Amino acid sequence: MDPRRTVGPDELVAGTPDAAPGRRRVWWVAGFLVAAGALALVRPDVSLVGERMVAPPTAVPSATSTPNVTPRLDGVQWAPRGDLVGDTRFVTAALQRIRLQRMDATRVYFAGRLPDGSRLMLAGTDVNRGMVATSVHALHVPRDLPVGAAVVTEASALTDPQQVLAWATRNVRDEVQLLAISRPGPVRFEVSGKVEFAADGTPRRSWTELPAEDGVAVVDLGRDADPIVTVRAAGPGVFTLPLVVRVTPRVPVAPVLKVSGVALPGYRGPTALSMSRALRAGAGALVDLASARREVIWSGAPWKQRRLALVLVTRPDGQRFQALVGEQDGVGFPAGVRALPRAASARLPWLLEPFSPQDPTLLLCPTGPGTLVLRRDGRAPRTLPVRADGVAALVAPGPSPPSASGARVTLLDPDGEPILITTLPEPGFDNPLALD
């Protein structure tokens, strides 16, 4: 790997391309970042992890005639839908509010009520940044709040009329309200609001069909939904791959999360800000980080000066996750998440497989220095050192390195006493969104 090249988040936890599908990339993280990157392409002022929200103005201009919704570019053209499309007063006021921050907003995709009685407008700005796309802005107006005091957030970017557009938020009762919209016509939606984890940490997801009228579905997912929910569609002329939808928080989130261990003298991981952004983009898909316990259990720069940290994240319900986050050239990135088995140690080692033939296969050991015994079926056991930084080199760089997945590992302390015995996870362990 060229050390000058910027490393993508999936490159730290995935196998070599010629080993696919046995050691595939963490495609759910990559897919989320690609979607965020598409939004950044058309709206460069938008945060990748949904942190940026535009504050309401101090005053709103007086209403004028019905707004002009004729686009200047040939973006995604859908007829406006929703039970408030015919309410000229609301449509005019809502579009004016959006235009205070997004002056080129021209397309109205939705204007309607949500289950809790609040109102929502989705309006888009057609732009051309090497491709024609429509950046979609959301104006959510809670009950008893004037339109002019509502907050503008970013929903998504549309580049193809076969896409599904979805938006979700938490209301004052902490319930998740979801809107899914596609091209007009018969479309069937399914939604999954939460990933469940078996005792061994295996993720599983169930889907509920939504009633959809003319390509629109509005639903209340309740309080027990994840920070990211998923929607998929079926029908002629729509993409069928699941769409991940980050739930807009009810109140702005703090830019920096407090993580236990970051301030300790031996910490060598990402900066607090980079770690916070990476945790939100990774573990934040499954955990409300504001209510979870967060603790660094390992940190270091084991290869090519990429600063990494392994963070133990514990939800209030007791479900634990390990989240690997990193930083390179001042940019933080998520590098993988896995749910821990209920009976397992919180300090299970993390298998860092190579992305290129120039990378070794490493084991990050939160248990600290010592030795390990590596056992594979049909092979003699190997004893390897665990360095002072808690890193063990399992396989040297090479054109076709063997995968260490499934190997049985015994970790020993510096005195040779056993600390932990585990089996290294199979490929795909860090795909907790269960979208395969």
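This is a predicted model: local features need pLDDT of at least 70, side-chain atom pairs count only at pLDDT 80 or more; totals for chains, interfaces and linings use all residues.
**Notebook: salt bridges**

I started with R347, which is partly exposed, with a relative accessible area of 29%.

I then checked which partner R347 has. Its side chain meets that of E295 in a salt bridge, at 2.9 Å from N to O. I looked up where the two sit: R347 is in the loop between β17 (331-339) and β18 (350-352), while E295 is in strand β14 (residues 293-300), so this bridge ties together parts 52 residues apart in sequence. For E295 I also find a relative accessible area of 29%, so E295 goes down as partly exposed.

From there I went to the shared partners.

Next entry: D83 and R113. I find a salt bridge here, with the closest N and O atoms 3.4 Å apart. This pair links distant parts of the chain, 30 residues apart: D83 lies in the loop between α1 (27-42) and α2 (88-101), and R113 in strand β1 (residues 107-113). R113 has a relative accessible area of 44%, which I note as partly exposed.

Then I turned to R173. Its salt-bridge partner is E175, and the closest N and O atoms are 3.2 Å apart. Is E175 buried or exposed? E175 counts as buried, because its relative accessibility is 16% and the cut-off for buried is under 20%. R173 is partly exposed, at 41% relative accessible area.

Last, the tally: I count 15 salt bridges in the structure.

Technical notes:
Residues are numbered from 1 along each chain as its sequence is written. Side-chain values use heavy atoms; hydrogens and water are left out. A salt bridge is a side-chain nitrogen of Lys or Arg within 4 Å of a carboxyl oxygen of Asp or Glu. Helices (H or I, at least four residues) and strands (E, at least two) are DSSP runs, numbered from the N terminus. Buried means under 20% relative accessible area, exposed over 50%, partly exposed in between (1.4 Å probe, protein chains only).
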